[in-house]
Amino acid sequence: WGAYQGMILSLHRAYVAWRGEHRHSHLSRVLCIGGNLLLTIYGMLIFRLASWDQICAATSAIFAFDVNPDFAGKMLRMLPYIALILAVELPVFLSRNSWFWVRDRRPVFVAAVFLVLFYCILILGVTGGAQFIYFAF
């Protein structure tokens with residue numbers, strides 16, 4: 001896992017060296033964050049699988065994306081997770097302040113934000129979301 005993360009970091013450093021010291025546009029920043037997210041999720045997938053055959057089957061299933069009748073139901077079950085991520089990350093992205101939730105905030109506010117997030121994760125886990133967020137080596 002560490003070597004895989006190191007490879008992702010090396011790709012990022014190579015991109016920054018190729019790009020130079022120019023500032024990111026919003027689009028390139030979103031694409032970089034999205035690419036990093038996809039590579040990280042793919043890494044979680046391949047390190048969870050037990051054999052090379054499973055990795056090949058899962059990878060081919062990713063690129064053979066097919067919308068089945070149950071696709072809409074699955075997407076609806078993912079909406080709470082997507083909304084939770086957007087609720088946390090959108091203000092950080094729009095303000096360009098990585099410390100949006102903690103810097104210059106009262107400690108009670110910071111604790112309340114993170115307790116609400118923790119509560120949401122617990123509720124989503126109790127309602128069947130645990131299969132979605134479960135990860136094991």
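Modeller: Two remarks on the source come first. This is a predicted model, in which local features need pLDDT of at least 70 and side-chain atom pairs count only at pLDDT 80 or more, while totals for chains, interfaces and linings use all residues. Residues are numbered from 1 along each chain as its sequence is written, and side-chain values use heavy atoms, with hydrogens and water left out.

Colleague: How many helices and strands does the protein chain have, and what makes a run count as one?

Modeller: Helices are DSSP runs of H or I with at least four residues, strands are runs of E with at least two, and both are numbered from the N terminus. By that rule the protein chain has five helices and zero strands.

Colleague: Which residues of α1 are called buried, and why are they said to line one face?

Modeller: Buried means under 20% relative accessible area, exposed over 50%, and partly exposed in between, with a 1.4 Å probe and protein chains only. Tyr4, Ile8 and Arg19 of α1 are buried. Their arc, taken from the directions from the helix axis to the C-beta atoms, is within 55°, so they line one face of the helix. On the other side of α1, Gly2, Ala3, Arg13 and Ala17 are exposed. The cover over the buried residues of α1 includes α2, where contact means heavy atoms within 4.5 Å.

Colleague: What makes the buried residues of α3 a set on the same side?

Modeller: In α3, Ile55, Ala58 and Thr59 are buried. They cover an arc of only 100° around the axis, which puts them on the same side of α3. Here too, α2 is included in what covers them.

Colleague: Why is the second largest pocket called a pocket, and what is its volume?

Modeller: On a 1 Å grid over the protein atoms alone, a pocket is an open set of points with protein on both sides within 12 Å along at least five of seven lines; lining residues have an atom within 4 Å of a point. The second largest pocket has a volume of about 310 Å³, a volume being the space filled by probe spheres set on the points. Its lining has 13 residues, and Ile8, His12, Cys32, Gly35 and Asn36 lie nearest its centre.

Methods:
1 Å grid on protein atoms, 1.4 Å probe; cavity = no way out; pocket = protein on both sides within 12 Å on 5 of 7 lines; lining within 4 Å.
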